[in-house]
Amino acid sequence: MNHRISFDAPGGPDVLQWVEAALPEPGPGEARIRHTGIGVNYIDVYHRSGAYPVPLPAGLGFEAAGVVEALGSGVSAVALGQRVAYVDGPRGAYAEARNLPADRLVPVPDTVSDEDAAAVIFKGLTAHMLVTRVWTPEPGASVLVHAAAGGVGLMLVRWLSAQGVRVIGVVSTPEKASAVRAAGAETALVVPRGGACDDLPAQVKALTNGRGVRVAYDSVGKDTFEASLASLAPFGLLASFGRASGALPMVDPAGLGSRGSLALQRPSIFHHIADPTDLRQAAGEVFEALAQGKIRAQIHARFPLKEAAEAHRLLESRATQGALLLIP
Ligand SMILES: NC(=O)c1ccc[n+]([C@@H]2O[C@H](COP(=O)([O-])OP(=O)(O)OC[C@H]3O[C@@H](n4cnc5c(N)ncnc54)[C@H](OP(=O)(O)O)[C@@H]3O)[C@@H](O)[C@H]2O)c1
């Protein structure tokens, strides 16, 4: 019998249950993937906690790698026995096996392990969106990256730095600051947990000859939004792509103008890879960046799939550097 993680009501990690789940034969256009590694992402926390409400009962998870073990009719995109990875809905990656539309699966190169594929496909594609679609990196430009030692954060810092961008990372501990500098950031500023970001814009201006940064990559949301805006140079861009600390405030577009002709974008990976051709192209570029060392699969810890709740506790504790994996 197949097992998966499910929850009946929003709440803390304790709501996650290990349940038996029947798995039908793959339908037309679908493939069944037996998972070998499953990525834990902050969006899973938003779904579990109710920050992003979902119809219940619900499965969880968007990211995994594994092996194709059955095919529905009409599938030509993947073959039996092929190693694949994916980042996509519907939620349900926290499972031993599942069926998915075959055109949402990407082949994993022989040079990339299953664990590394599970650790990079979601976070790497998010970083890819940020360094290709949201802003084209300019060597010598300064940017700000919040949660810079996180799963997406370390990949983004590495990818930007590899292209000559001067990265100012923001983290909550000196240990994380070391990790961010090791990933290529020029500077890492520490704002301890519970600390306010009030001084951050002045520190950023001091590091950029009074000008501010070209882009602020902000996945923290409520606690950092105002500091991110105040850290931008004229015509700067706030790329607001997450809300780990809570929902964003309402924004008056006129205020963006008076503060320096600023731009605000809320990019989503699900738009970035909606087209299957774009998905395969972008995933190929992520695996290439991995091969070239522009990004790394940094795995902080692995948990048995059954213990997904433990992984969520660790992620929410803000103690992780890099990715968390669930192993079926
Ligand atoms: N828009 C998209 O398409 C997209 C795609 C993927 C991920 N994301 C977003 O990117 C962010 C990073 O995702 P991830 O899975 O890689 O997680 P992560 O960065 O590994 O973990 C979240 C980090 O956020 C920081 N943080 C700051 N304030 C926090 C708070 N009040 N509560 C919890 N964490 C706080 C913590 O780092 P410090 O302790 O160092 O501050 C923590 O380690 C998330 O916001 C996620 O939603 C967006």
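Me: Which residues does N41 touch, leaving out those up to four places away in sequence?
Reply: N41 touches E63, F122, K123 and L315. Touching here means contact, that is, heavy atoms within 4.5 Å. This is a predicted model in which local features need pLDDT of at least 70 and side-chain atom pairs count only at pLDDT 80 or more, while totals for chains, interfaces and linings use all residues. Residues are numbered from 1 along each chain as its sequence is written, and side-chain values use heavy atoms, with hydrogens and water left out.

Me: Why does N41 count as buried?
Reply: Buried means under 20% relative accessible area, exposed means over 50%, and partly exposed is in between (1.4 Å probe, protein chains only). N41 has 5% relative accessibility, so it counts as buried.

Me: Why is G194 called exposed?
Reply: Its relative accessible area is 82%, so G194 is exposed. G194 sits in the loop between β11 (187-190) and α5 (200-207). In space, G194 and D223 are 9.6 Å apart, C-alpha to C-alpha, and in sequence they are 29 residues apart.

Me: Where is N41 placed, and what makes a run of residues a helix or a strand?
Reply: N41 is in the loop between β3 and α1. Helices are DSSP runs of H or I with at least four residues; strands are runs of E with at least two, and both are numbered from the N terminus. Helix α1 covers residues 42-49 and has eight residues, so it passes the helix cut-off.

Me: What makes α1 mostly covered?
Reply: Six of its eight residues are buried. They are I43, D44, V45, Y46, H47 and R48. These buried residues pack against β1 (3-7), β3 (30-40), α2, α8 (269-272) and α10 (308-316). After α1 comes G50, with a positive phi near 95°.

Me: How is the protein divided, and where do the bounds come from?
Reply: There are domain 1 (3-122 + 272-327) and domain 2 (139-266). Their bounds come from an automatic or database domain assignment. The C-alpha centres of the two domains lie 28 Å apart. The contact takes 21 residues from domain 1 and 18 residues from domain 2.

Me: What makes a set of residues a nonpolar core?
Reply: The members are buried Ala, Val, Leu, Ile, Met, Phe, Trp, Tyr and Cys residues, joined through side-chain atoms within 4.5 Å. The largest such core here has 59 residues, and L160 and Y217 touch the most other members. Helix α2 (residues 114-134) gives the largest share, twelve residues. Leaving aside neighbours within four places in sequence, the contacts of Y217 include L130, W135, L160 and F241.

Me: Why is a space called a pocket, and why a cavity?
Reply: Both are sets of points on a 1 Å grid over the protein atoms alone. In a cavity, a 1.4 Å probe fits but cannot get out. A pocket is an open set with protein on both sides within 12 Å along at least five of seven lines. Lining residues have an atom within 4 Å of a point. Grid points are joined across faces, edges and corners, and a volume is the space filled by probe spheres set on the points.

Me: Where does the largest pocket lie?
Reply: Both domains give residues to its lining, so the largest pocket lies between them. Its volume is about 1,100 Å³. Of its 49 lining residues, Y42, Y46, A147, S219 and A244 are the closest to its centre. The largest share of the lining, four residues, comes from α2.

Me: Which residues line the largest cavity?
Reply: They are G151, L154, M155, R296, Q298, G322 and A323. The volume of this cavity is about 30 Å³. Helix α3 (residues 151-162) gives the most to the lining, with three residues.

Me: What makes a lining residue nonpolar, polar or charged?
Reply: Ala, Val, Leu, Ile, Met, Phe, Trp, Tyr, Cys and Pro count as nonpolar; Asp, Glu, Lys and Arg as charged; the others, Gly among them, as polar. By that rule, the lining of the largest cavity has three nonpolar, three polar and one charged residues. The lining of the largest pocket has 26 nonpolar, 16 polar and seven charged residues.
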